[in-house]
Amino acid sequence: MRITGGTLKGRVIKCPDGIIRPAMDRMRESVFAILGDLSEKSWLDLFSGSGTIAIEAVSRGSRDVQLCEKDKIKIKQVLENVSLTEKELGVKIGCHFMAVELFLKRCKDTFDYIFLDPPFPYKYRLDLMKTIEKRRLVNENGLVMIHFPEEDMLPEKIGTLVLKDKRIYGRSIVHFYAPTNL
């Protein structure tokens, strides 16, 4: 996998051992193009896998970046990938190695962007979105993005989160939800 844009464009990211379904380069590049300038924005990468999404966010200007991955087999490679970014750009990515569900229950921070890329057989996407909404983890002008297979469905409204955009990449979909006070 390669970083698709920003100061680290073209840098190869190593995949860790274990089960991984890396976000397609085309999908990643498209999502980040939709978002535009990430300068000084905060970012949370959930179900991080190799850390590529978090590293891409830093490459494109994010400065407060956190990732969460529960698979202990991936820790060594994620930390290696992230440490290279820190050395090159001087930006530390906060790494949390625990279940995403637990991380969200404990999280005290809020973020401009939250990206969820759960395994495709994962059945609790809606529950995660409800937790993010209920705990108000996304900032007022932020977005929550979730990547999932086309055969699954998510509603257009999840509490105060409202679907603002939807992109289709082969058999996968990314929904973009924004908070609203309605």
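Two strands pair if DSSP finds at least two bridges between them. Helices (H or I, at least four residues) and strands (E, at least two) are DSSP runs, numbered from the N terminus. The model is predicted: local features need pLDDT of at least 70, side-chain atom pairs count only at pLDDT 80 or more, and totals for chains, interfaces and linings use all residues. Residues are numbered from 1 along each chain as its sequence is written, and side-chain values use heavy atoms, with hydrogens and water left out.

**Strand pairing around β2**

- Val-65 stands opposite Ile-93 in β3.
- The chain crosses from β2 to β3 by way of helix α3 (residues 75-89), and this β-α-β crossover is right-handed. Right-handed here means that, with the strands pointing away from the viewer, the path from the first strand over the helix to the second runs clockwise.
- Strand β3 (residues 93-96) runs parallel to β2 and is joined to it by four bridges.
- Strand β1 (residues 42-46) also runs parallel to β2, with five bridges between them. Leu-44 has Gln-66 in β2 as its bridge partner.
- A right-handed β-α-β unit is formed by β1, α2 and β2.

**Strand β2 and Gln-66**

- Four of the five residues of β2 (residues 64-68) are buried, so the strand is mostly covered. Buried means under 20% relative accessible area, exposed over 50%, and partly exposed in between (1.4 Å probe, protein chains only).
- Gln-66 lies in β2 and counts as buried because its relative accessibility is 14%.
- Apart from neighbours within four places in sequence, Gln-66 is in contact (heavy atoms within 4.5 Å) with Trp-43, Leu-44, Asp-45, Gly-94, His-96 and Phe-111.

**Helix α2 and Ser-59**

- Eight of the eight residues of α2 are buried, so the helix is largely enclosed by the rest of the structure. These residues are Thr-52, Ile-53, Ala-54, Ile-55, Glu-56, Ala-57, Val-58 and Ser-59.
- The cover over the buried residues of α2 includes α1 (25-35), β1, β2, α3, β3 and β4 (111-116).
- Ser-59 belongs to helix α2 (residues 52-59) and is counted as buried because its relative accessibility is 4%.
- The side chain of Ser-59 reaches the backbone nitrogen of Leu-8 at 2.9 Å. That is a polar contact, defined as a pair of N or O atoms within 3.5 Å; within protein, one must be able to donate a hydrogen and the other to accept it, and residues adjacent in sequence count only if both atoms are side-chain atoms.
- Not counting residues up to four places away in sequence, Ser-59 touches Ile-3, Gly-5, Gly-6, Thr-7, Leu-8, Lys-9 and Leu-89.

**The chain as a whole**

- The chain has five helices and eight strands, and along the sequence they follow the pattern α-β-α-β-α-β-α-β-α-β-β-β-β.
- Along the principal axes, the C-alpha atoms fill a box of roughly 45 × 35 × 30 Å.
- Of the 182 residues, 51% count as buried.
- Among contacts between residues at least 6 apart in sequence, 66% join residues at least 24 apart.
- The accessible surface comes to about 9,000 Å², and 52% of it belongs to carbon and sulfur atoms. Accessible areas come from the Shrake-Rupley method with a 1.4 Å probe; for residues, only the protein chains shown count as cover.
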